[in-house]
Amino acid sequence: MEMAEKEGGNDESLKLAVAISLLRSKVLNNNNEPGAPSNDALRWKRKAKERKQEILRLREDLNEALDASHCDLFPASASCKCYFFDNLGQLNPNQHGSGSDARFNDVLRRRFLRQVRFKERRRRVGSSSSSKQRLTLGLTEEDETEQLKASVDFLVDLCDSVDDSKFANLAHQAEEFILVTLKNLLSNGRNLELIEGIINSLVTRLVRKMCLPLSENGSQHSDANAQYCIQHLIRKLGSEGYIGQRAILSVCQRILVLADRLLFSDPFDDAFPDMHESMFLMIQLIEFMVSDYLLEWSKSEDFDKVLLEDWVSSIIQAKKALELLESRNGLYVLYMDRVTGELAKQFGRASLQKLIKQDIFNSLLH
């Protein structure tokens, strides 16, 4: 009897020991399974998830800043035309600078760059010219130079849609971006020939668009409002002497061509009023830039005195060419007298007297 009870107690102890062993083995196996991460693994997994959420949040912020179609941060009611196209076709009584530093907004810059890049990608589909040019320039300078060229092309194409409601806003962004980028590139002092070619192209194309009747056979009638807007755009870009001096030189050359055409044209020709309007716009543009910016240009350390003498001499030549048309329209000579009078007034200042030769100054007085 005692032996039976003793054996029964041993069996129960054995069963309990076996059960405890099985339970412990099961717990150990569960801890060693690949699907059961440790505390360190859980912590790193949580950090990775937080980092991924942060990246997604930053990506969304970037898309909102770059994608104007998703979030129009500057709607039509906030258009910059309220001040950018102030003094359209009028002399500015107060000397003014470009205002670029005060008004240039980073979000506007990114939105404008995105629009420029999008247009450039569509234009360069299948083209390898950009990849070839990358081999000749440094990375940073190449990027800025490409951005300048793309911005110039964007602005010139934009002038075909002056009546668009977004024209003033986009034109302001383009003008600001071009001026800032140009200053950065000129401060580096490299690739100057390439930069000069881009700016000369900008000036020539804008002046051509401002004087649309001069294109082809001169039979096209232009939109007067569009011409004045483009004139004002050139005037704004001219706040930078590097652009302004080249613009005056280009306009003077254009005046010589138009004066020759007017001399042999029929006053009753349908294109004659448009050519007359273009002549007025060009003379007026020279007067604007001389009165607005000549004094500011002369204060710049890199002011090009040789280019100054070139365009002043061209103004004198243009005046002589217009004197031949005095019998047809004496207003041209009167307009040019105002320009040369303003030049003589400016060069009469003590700070500007040494910028040009005496014989050129004397020619302005006659």
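View 1. Arg51 is exposed, its relative accessible area being 53% (buried means under 20% relative accessible area, exposed over 50%, and partly exposed in between, with a 1.4 Å probe and protein chains only). Glu54, by comparison, is partly exposed, at a relative accessible area of 36%. The two residues form a salt bridge in which the closest N and O atoms are 3.9 Å apart, where a salt bridge is a side-chain nitrogen of Lys or Arg within 4 Å of a carboxyl oxygen of Asp or Glu. Both Arg51 and Glu54 belong to helix H2 (residues 39-66), in which they are 3 residues apart, or about one turn of the helix; helices (H or I, at least four residues) and strands (E, at least two) are DSSP runs, numbered from the N terminus. The model is predicted, so that local features need pLDDT of at least 70 and side-chain atom pairs count only at pLDDT 80 or more, whereas totals for chains, interfaces and linings use all residues. Residues are numbered from 1 along each chain as its sequence is written, and side-chain values use heavy atoms, with hydrogens and water left out.

**View 2. Arg338 and Glu287, a pair between two helices.** A salt bridge joins Arg338 to Glu287, with 2.9 Å between the closest N and O atoms. This pair links distant parts of the chain, since Arg338 lies in helix H14 (residues 331-347) and Glu287 in helix H12 (residues 272-298), 51 residues apart. Arg338 is partly exposed, with a relative accessible area of 45%, while Glu287 counts as buried at 11% relative accessibility.

View 3. The side chains of Glu296 and Lys299 meet in a salt bridge, at 3.8 Å from N to O. Glu296 counts as partly exposed at 41% relative accessibility, and Lys299 is exposed, its relative accessible area being 57%.

View 4. Of its 366 residues, 42% are buried. Among the contacts (heavy atoms within 4.5 Å) with a separation of 6 or more, 81% are accounted for by residues 24 or more positions apart.
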